Amino acid sequence: MMTKYFTSAIVRFDPLSRRKTARIFLARIPPTTRNLIKIRTEFLGRSSTNKPLISVTFRDGKTIELDPCKESIADVIEQLDRHSRTLHLQEQMNS
């Protein structure tokens, strides 16, 4: 996962849920990058009215919001990497 272009991430999930997409997403962020990205985690209880969410904001200001209950970790990474590759190409063309 290309985390170089992330500026912030919000992850809301139920820690007791069987779906592990949100937890795996957090584990996939490298330790060296965790200091550069503003990461906010929210734990949802069974009675919570909020829905699980993975929201990532990129350097160009674009925000991608994904539902970790409906998406697999491979789908989440693919969608985030697609925009990261676009930013990487723009960076290479400008330099």
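Guide: A residue is called buried if its relative accessible area is under 20%, exposed if over 50%, and partly exposed in between, with a 1.4 Å probe and protein chains only. The model is predicted, so local features need pLDDT of at least 70 and side-chain atom pairs count only at pLDDT 80 or more, while totals for chains, interfaces and linings use all residues. Residues are numbered from 1 along each chain as its sequence is written, and side-chain values use heavy atoms, leaving out hydrogens and water.

Visitor: Why does Phe 13 count as buried?

Guide: Its relative accessibility is 8%, and the limit for buried is under 20%. Phe 13 therefore counts as buried.

Visitor: What makes Phe 43 exposed or buried?

Guide: Phe 43 has 58% relative accessibility, and exposed means over 50%. Phe 43 therefore counts as exposed.

Visitor: How many aromatic pairs are there?

Guide: Rings of Phe, Tyr and Trp (its six-membered ring) pair if their centres lie within 6.5 Å; planes under 30 degrees apart are stacked, over 60 edge-to-face, and the rest tilted. The count by this rule is 2 aromatic pairs.

Visitor: Why is the pair of Phe 6 and Phe 58 called edge-to-face?

Guide: The ring centres of Phe 6 and Phe 58 are 5.3 Å apart and the planes stand at 90°, so the pair is edge-to-face. Both Phe 6 and Phe 58 are buried.

Visitor: What makes the pair of Phe 13 and Phe 43 edge-to-face?

Guide: The centres of these rings, Phe 13 and Phe 43, lie 5.3 Å apart with planes at 75°, so this pair is edge-to-face.
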